[in-house]
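Reader: Could you walk me through how the labels for this structure were assigned? I would like to set each value against its rule.

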Amino acid sequence: IQIELKSGILNIFLKTGFVFTQVDLWLGLSYCDGKWNEVTVNKEGSIVAASVNELREQTLEPRLQQLKVNSPVYIGGIPPEMQNFYKDLGLEQGFGGCMKDVKFTQGAVVNLASVSSSAVRVNLDGCLSTDIAVNCRGNDSILVYRGKERAFYESGLQPFTEYLYRVVASNEGGSVSSEWTRVRTRESVPQNVPTPSRVHSINGYSIEVTWDKPAGVIGVIEKYILKAYEEDGPNIPITSAVLADTNMFTAVLTGLHPFTNYAVTLTACTLAGCTESLHALNISTPQEAPEDVQSPTAISFPTFLMMSWSPPKKPNGIITRYILYMDTVPIYFGNGTKYVVKDLAVFRAHHFVLTACTLAGCTNSSQVTLFTAQLPPSHVDAPVLMVLDSRTIYVQWKEPVEVNGILDHYVIYIAKNEENFTKWDVVYNSTEHFLEFTIQQLSPGTEYLIKLAACTGGGCSVSEAGTAITDESTPEGVPAPKAHSYSSDSFNISWTKPKYPNGIITSYGLYMDGVLTQNSSQLRCYTDGLAPWSLHSFRVQACTAKGCALGPLVEARTMEACPEGTVDLFVTVDGSNEVQLKWLAPNKPNGNLTYTVFVTGLFYADQ
């Protein structure tokens, strides 16, 4: 079934199966009176009838079948993609005008705005203007153009108003007219949007706003927008709400901040644009309980905490008081932001919660655990020392009874027990909480002082020093002796201690020419009765209880003495002026000999 209003005629086209029937009801311009017209279409058996107000027309078609509607109902036109399926109905341009109170069979009144699944630029609330009569003209239409052009532009029309146009082509032989064509101008931007009539707070975060429908809006209001601005703030809305249901004139605006002054405006929008009310309605949101209450912080000392805190990030009002809880017990009430908690144990954990209050209520911060400051351990026992061999000492210790904090690391100091000066060296420094350590690569037969330090974040405590003597071994680095001869028959021999005694030196031995000539604790030796310029070898031996070691071998000679014996001379004459001399060394040279030859007599020079 198709219903059209065209050129003053209401056309009803009905097709059931292969049977087609049509009802035409002549109206003329009777409906163009600016009033609502009631249109009724009935099918009862074989009779199809149509009526508009008091006018009625019907037709009889016995072959008509029962009408069954099992497809969507289109009012005012059909989508372009559907038109190819109904070419035989001769579809015309969509309806221009207004509809309300649509009924199907004997059902209830249909609210098109609520039941329509889609709508394309239609006003579903009824006509906004009552001056339609001046736009529904017949033969008394206004001449707007005369000429030979085939296009015309008309300005000065009313916004969102329906107009009928037709063109008459004429010459000297007569004229011909086009059909009337409807057109509606576009909407205008709303004018004079009123300020909201009433605003009241629901709570600190939302308000209810009421407004009146804007008067004189030419077009269809698509939506309303509520905006809230902070007074004395930037000209940017803090929050806004878009309301698509234009039948509602009350809405709740959320996203506000408690205890804040706002200016609320109303914006009305058509497809042509939006207009915001020139003035705003002011309102102050009430206080609420604070939000984002910050946990307290503290500067830690061994026996007290200097507490402090910042105001809530969102106070939501005037803070009337703070409550500070320590281990679930309130310890402070007041408006301050600092408090000293005294008489606490060293490095003790305490749980704190801060409560901030306004007149509307209180809010707690998250719980925070704070510690008093650390101190060095109260006492550190001396380590237990065990000598493993001549170069190794095994060290053991116990954890301090009163740590006074978190044990961080241990340090072992070592020094040789020397009378004149004690130089401490670190041989162990570790955050591993082992209770033992082996000191290696020590010197044999040496007395060591060893002490332990235990450290926390508050410092270190050092134990008394323990002593241990490594096992002796044979000396190392026995020096070479120094032999000095001050006469032709004696030596003064001296030497120093070994570089590494490796224990207590019990004796020194001096080997001369491979024979042990002295064994004592002395570092020197004198020997005489030697031959002049005689060569001798010397070597020092150093001994501990674990054994002896020899130093390097050195050689030295006694001083020279006067030669002993005679010099036997042999002379051979080799010519008239040459003599060859030979001689034998003395029996005891007693040194490095040099010879001097003396000659006396007459010498003749060559002629």
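Reader: Which residues have the most contacts inside the largest nonpolar core?

Author: Ile 207, Val 209, Trp 211, Tyr 224 and Leu 226 do, in a core of 20 residues. A word on the basis: this is a predicted model, where local features need pLDDT of at least 70 and side-chain atom pairs count only at pLDDT 80 or more, while totals for chains, interfaces and linings use all residues. Residues are numbered from 1 along each chain as its sequence is written, and side-chain values use heavy atoms, with hydrogens and water left out.

Reader: What makes a set of residues a nonpolar core?

Author: The members must be buried Ala, Val, Leu, Ile, Met, Phe, Trp, Tyr or Cys residues joined through side-chain atoms within 4.5 Å. Buried means under 20% relative accessible area, exposed over 50%, and partly exposed in between (1.4 Å probe, protein chains only). Strand 16 (261–270) supplies the largest share of this core, 4 residues.

Reader: How do you know that strand 12 pairs with strand 15?

Author: Two strands pair if DSSP finds at least two bridges between them. Strand 12 (residues 206–210) and strand 15 are joined by 4 bridges and run antiparallel, so they meet that rule. Strands themselves are DSSP runs (E, at least two residues; helices are H or I, at least four), numbered from the N terminus. Within this pair, Ile 207 stands opposite Leu 253 of strand 15.

Reader: Why are strand 11 and strand 15 called edge strands?

Author: Strand 11 (198–203) and strand 15 (250–253) each pair on one side only. The open sheet has 3 strands in the order 11-12-15, with antiparallel pairing.

Reader: Why is the contact of Glu 208 with Arg 198 called a salt bridge?

Author: The rule asks for a side-chain nitrogen of Lys or Arg within 4 Å of a carboxyl oxygen of Asp or Glu. Here the N to O distance is 3.9 Å, so the pair qualifies.

Reader: Is Arg 198 buried or exposed, or something in between?

Author: Arg 198 has a relative accessible area of 44%, so it is called partly exposed. Glu 208, at 23%, also counts as partly exposed.

Reader: What makes Arg 391 and Glu 476 a salt bridge?

Author: Their side chains meet at 2.8 Å, N to O, and the pair ties together parts that are 85 residues apart in sequence.
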